[in-house]
Amino acid sequence: MRQSLFIIPILLITLLWCSCRKDFQYDTSSGNLEFSKDTVYLDTVFTNIGSSTYSLKVYNRSNSDIQIPSLRLAQGNNSSYRLNVDGVAGKEFENVPLMAKDSLFIFIETTFDISALNQNEFLYTDAILFDEGPKQQEVQLVTLIKDAIFLYPAENADGTKETLLLGIDEEGNEIRIEGFLLTDEQLSFSNEKPYVIYGYAAVASEKTLNIAAGSRVHFHKDSGILMGEGASLNVNGTLSMDTLLLENEVIFEGDRLEPEFSEVPGQWGTIWLAPGSTNNTINHLTIRNASVGLLVEGNSGLNPPKLSISNSQIYNSLSINIWSRSSSINGENLVLGNAGNGSLVCENGGVYSFLHSTIANYWSNGFRLGAALQISNYNEATGVSGQDLSASFINCIVDGNTFLELSLVSDDANSFDFSFTNCLIKFKDTNNQFDTNPLYDFTNTTYYNNIFLNENTDFLNTAKNDFRLGNSSSAIGKADPGTAFLVPIDILGTDRTSEPDIGAFEFIAGGQN
């Protein structure tokens with residue numbers, strides 16, 4: 001018995017010693033590592049804006065535990081890349097263990113200041129080196145760095161950022177947002193370099209912001225453009241020959257260029273045409289991934305209207321693509337696509353005219369409460385009475401992935417004049433809840449003329465905001481010809497004067513891609 005008791009501790013010590021010894025016995029890497037990729041491409045980033053995090057997996061396919069003597073960036077501590085190796089951050093590592101038949105993750109990021117090189121756009125490269133000498137292996141790192149013109153608020157002496165005064169609340173407190181006034185030298189955007197805006201870039205009274213064809217404007221989180229009292233916005237995009245590159249289109253979007261951000265709603269704020277802003281004109285503009293694409297407020301009695309917008313697309317807004325409150329808009333050849341609430345919201349009255357526009361909401365990023373098109377002459381949220389409303393829609397599509405894509409709300413105190421002519425409208429009142437509401441009497445020619453109710457729009461790809469017409473679309477050949485002559489080419493430059501189609505796009509047989 002005593003002998004057994006004596007032997008047991010010895011066996012335990014022997015087992016523990018062998019186990020510990022095995023844990024710390026590694027073979028040196030023999031240069032036979034395998035990698036999930038031989039080159040890591042970190043997608044295009046702007047100078048001084050950090051990239052997303054990219055991963056590389058390193059495999060030990062052998063039957064032996066190994067140790068990588070050296071794992072480092074070729075440029076060492078001078079590299080603009082950053083590594084994280086199995087949870088440890090750094091740029092140079094020694095004796096990195098890797099068990100038999102196992103793998104380790106390396107995470108890679110970069111931030112680069114283009115001022116270090118005098119070029120407008122270039123590839124920044126480095127490599128991750130594994131081991132040294134004849135056994136050395138490497139994985140290339142490649143990033144396209146784009147130069148840009150950065151516009152941002154100044155920093156105050158106390159470290160806070162410059163702000164803009166929006167008004168005074170009910171308690172007498174100032175309402176401010178982070179932002180700055182554009183100087184006279186900053187009021188002409190060109191297509192030479194992209195612009196990146198932090199905070200709200202505001203335009204002073206009696207000043208005009210001109211944006212040239214082909215300009216690219218990128219907005220950081222919670223940023224946008226603010227047109228204040230007496231200020232004007234003039235977007236001068238033109239027709240592009242390449243429907244993918246959109247070389248002459250003006251594009252407003254977020255400042256994250258990686259593919260995974262290409263369809264993420266709500267990356268930035270809004271283009272805000274505040275009360276008092278006048279003579280705003282927009283042609284060939286694409287707005288995507290905003291919180292609200294265009295916020296248009298006040299000046300409903302202006303002639304010409306507060307906003308004239310044509311040949312433009314706004315989609316993937318977190319809330320609303322165009323949100324107008326007591327204002328005036330003339331629109332033609334517009335595509336107002338998917339949004340978290342409404343594609344077009346005209347609230348608190350105003351004066352509106354839309355020709356050959358496609359208002360279609362197939363939002364799929366969550367539950368959507370609002371109809372694609374919402375029209376009211378007061379503020380439904382507060383119940384505050386608004387202004388008289390006049391709204392005309394000719395040769396337009398109102399469609400989406402819910403049953404009721406048209407919302408009409410009147411306070412019976414202000415006038416509520418609207419009309420739809422040669423329009424496709426989706427309104428499937430399956431529960432007959434609107435049977436007694438005269439606003440939805442589609443036989444009343446005061447409101448509705450030549451309406452095509454709940455017919456097939458046959459859009460090409462609603463998930464991708466591609467609202468071109470398929471060959472089964474009921475919109476083909478049903479537009480009012482007289483109105484088509486007022487807007488003789490569609491948003492892509494196709495002639496529509498012969499047998500015109502409803503909406504912003506003319507159907508092209510065999511020409512869709």
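Is Glu297 buried or exposed? With a relative accessibility of 11%, Glu297 counts as buried, where buried means under 20% relative accessible area, exposed means over 50%, and partly exposed lies in between (1.4 Å probe, protein chains only).

## Model and confidence

This is a predicted model, in which local features need a pLDDT of at least 70 and side-chain atom pairs count only at pLDDT 80 or more, while totals for chains, interfaces and linings use all residues. Residues are numbered from 1 along each chain as its sequence is written, and side-chain values use heavy atoms, with hydrogens and water left out.

The average pLDDT (the predictor's confidence in each residue, from 0 to 100) is 90 for the protein, and 92% of the residues score at least 70. Over residues 1–22, however, pLDDT stays under 50, and for this stretch the model has one contact beyond four places in sequence, a contact being heavy atoms within 4.5 Å. Where pLDDT is low, the predicted coordinates should not be read in detail.

Glu297 is placed in strand E26; strands (E, at least two residues) and helices (H or I, at least four) are DSSP runs, numbered from the N terminus. Leaving aside residues up to four places away in sequence, Glu297 touches Trp272, Leu273, Ala274, Pro275, Lys306, Arg325 and Ser327.

Asn299 is found in the loop between strand E26 (292–297) and strand E27 (307–315), and this residue is partly exposed, with a relative accessible area of 25%. The phi of Asn299 is near 65 degrees, a positive value in a residue other than glycine.

Most residues other than glycine have a negative phi. Asp412, which lies in the loop between strand E34 (406–409) and strand E35 (416–421), also has a positive phi, near 65 degrees. Asp412 counts as exposed, at 73% relative accessibility.

## Cysteines

A disulfide is taken here as a pair of cysteine sulfur atoms within 2.5 Å, and by this rule the count comes to zero disulfides. Cys396 is in no disulfide, the nearest cysteine sulfur being that of Cys423, 4.9 Å away; Cys423 is likewise in no disulfide, and for this residue the nearest cysteine sulfur is that of Cys396. Cys396 counts as buried at 0% relative accessibility, and Cys423 also counts as buried at 0%.

## Salt bridges

A search of the whole structure finds 15 salt bridges, each defined as a side-chain nitrogen of Lys or Arg within 4 Å of a carboxyl oxygen of Asp or Glu. Among them is the pair of Glu174 and Arg176, whose side chains meet at 2.8 Å, N to O; Glu174 is partly exposed, with a relative accessible area of 47%, and Arg176 is partly exposed at 42%. The side chains of Arg256 and Glu258 also form a salt bridge, at 2.8 Å from N to O, and here Arg256 is partly exposed at 25%, whereas Glu258 is buried at 2% relative accessibility.

Another salt bridge joins Lys464 to Glu263, with the closest N and O atoms 3.2 Å apart. This pair links distant parts of the chain, 201 residues apart: Lys464 is in the loop between strand E39 (459–461) and strand E40 (466–469), and Glu263 is in the loop between strand E22 (250–254) and strand E23 (271–273). Glu263 is partly exposed, with a relative accessible area of 43%.
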